Structure formats: C-alpha cells, structure tokens
Amino acid sequence: MPDPFTVRKLRWRDLDRVLEIERASFGADAYDRKLFADCLRAGEDLFLAVERGRIVWGYLMGCARGKRAELVSIAVDPAARGEGAASALMESALRRWKRRRIDRLSLMVKTANRQAETCYLKYGFRRVRRVRRYYEDGSDGWLMARNM
Ligand SMILES: CC(C)(COP(=O)(O)OP(=O)(O)OC[C@H]1O[C@@H](n2cnc3c(N)ncnc32)[C@H](O)[C@@H]1OP(=O)(O)O)[C@@H](O)C(=O)NCCC(=O)NCCS
C-alpha cells in the first residue's frame, strides 16, 4: 500500500514543481510563474501542497476576504490522479477555513470539467448559476458555493 498523502503549506522551492503540474493540468489556460510567485510573496492565506514520498503531487490555492473565501485553483499531477490527493487537499483546506471562521466558499469550474465538478460536489459545493463565456476560450463556467 502506498504511503498516505500529507498536506502542508507551499514553499518557494515547490514553485517549479507546481508549474509543472499546472501546465500538465491546464495546458494553454495554465497560470504563469508570476501569478504563483505573487501569491507566495503576498503570503496568500491558503496555498497548500500535497506530498507523498517527499514528492509534491498537487496544490490548492485559496483566497479569503472577510468571512468569504474563494477556491482559486486545485490541480493534481495526471500520474497521481484518482488516488485521493485532491481529497487530502480539500479536507485540509476545509479544516483551515473552518478554523478561520470563514462562512461561505465559492469557486468557478468549466461546465465541461466533470471530474472537478464531481470532486466539488463531494465536498458540499452546489451549482449557483452558469456564467456564460466566463473563460478566455469562450466556454461557460459554473459558479459553485457552499456554506461552512
Ligand atoms: C479534479 C482533480 C483535482 C481531482 O484530483 P484527484 O486527486 O484525482 O481526486 P481524488 O482522487 O482525490 O478524488 C476526489 C473526488 O473527485 C472526483 N473524481 C476524481 N476523479 C474523477 C473521475 N475520473 N471522474 C469523476 N469524478 C472524479 C470524485 O468525486 C472523487 O471522490 P471519490 O474517489 O470518493 O469518488 C484532478 O482531476 C485534476 O487535477 N484535474 C485537472 C485540473 C482541474 O481541472 N482542476 C479544477 C479546476 S476548477
């Protein structure tokens, strides 16, 4: 049985690996190094890495304002999908948001991205509304949200 995934705060030295996962996950839509570096520099309140065997397999980035937080992005290396890495990230993020007394979470997901939507449904998010042409490639997104 493989070791369990563990979740910790992201560090500067993880940046190259996170970019690798980001590009493998989102292709042309990938966030660039500057965006991740700016978030790290700003001490973004939730920037988590999931590790197994001392290798980073995925990350989650969230951003809070007052009592509301947005799940900005989550991605797992294609080689480690379906093994619980995103679940470990979601569970850790939800615990951290609860401790910080966040009372509502929201996110955007492409309507075609069934894997991610299924993952968000598992963690209590529900569709709020369709946002037409939300993404740069012209595709629609679901605004999803949950109360804590
Ligand atoms: C979405 C993503 C983060 C899930 O990561 P993962 O580590 O494979 O997910 P887990 O193994 O922890 O599974 C968590 C849940 O996601 C859902 N899920 C995962 N893979 C799925 C699949 N192939 N089909 C349908 N649902 C799936 C399930 O609800 C699963 O829970 P379950 O195992 O209890 O059924 C991953 O597919 C990914 O990185 N996708 C590309 C990036 C992306 O689209 N991010 C979201 C942007 S909004």
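Analyst: Start with residue classes. Ala, Val, Leu, Ile, Met, Phe, Trp, Tyr, Cys and Pro count as nonpolar, Asp, Glu, Lys and Arg as charged, and the others, Gly among them, as polar. By these classes, the lining of the largest pocket has 19 nonpolar, eight polar and nine charged residues. This is a predicted model: local features need pLDDT of at least 70, side-chain atom pairs need pLDDT 80 or more, and totals for chains, interfaces and linings use all residues. Residues are numbered from 1 along each chain as its sequence is written, and side-chain values use heavy atoms, without hydrogens and water.

User: How is a pocket found, and which residues lie nearest the centre of the largest pocket?

Analyst: Rolling a probe the size of a water molecule over the atoms shows where empty space is left. On a 1 Å grid over the protein atoms alone, a pocket is an open set of points where a 1.4 Å probe fits, with protein on both sides within 12 Å along at least five of seven lines; lining residues have an atom within 4 Å of a point. Here 36 residues line the largest pocket, and F26, I74, N113, A116 and Y120 lie nearest its centre.

User: Which element gives the most to that lining?

Analyst: Strands are DSSP runs of E, at least two residues; helices are runs of H or I, at least four; both are numbered from the N terminus. β4 gives the most, with seven residues.

User: What takes up the space of the largest pocket?

Analyst: The ligand does. The test is that more than half of its atoms lie within 2 Å of the grid points.

User: Which polar side chain lies 2.7 Å from a ligand oxygen atom?

Analyst: A polar contact pairs N or O atoms within 3.5 Å. The side chain is that of N113. Backbone atoms take part too: a polar one of G84 is 2.9 Å from a ligand oxygen atom, and one of E83 is 3.2 Å from a ligand oxygen atom.

Technical notes
Polar contact = N/O pair within 3.5 Å; in protein donor to acceptor, adjacent residues only side chain to side chain.
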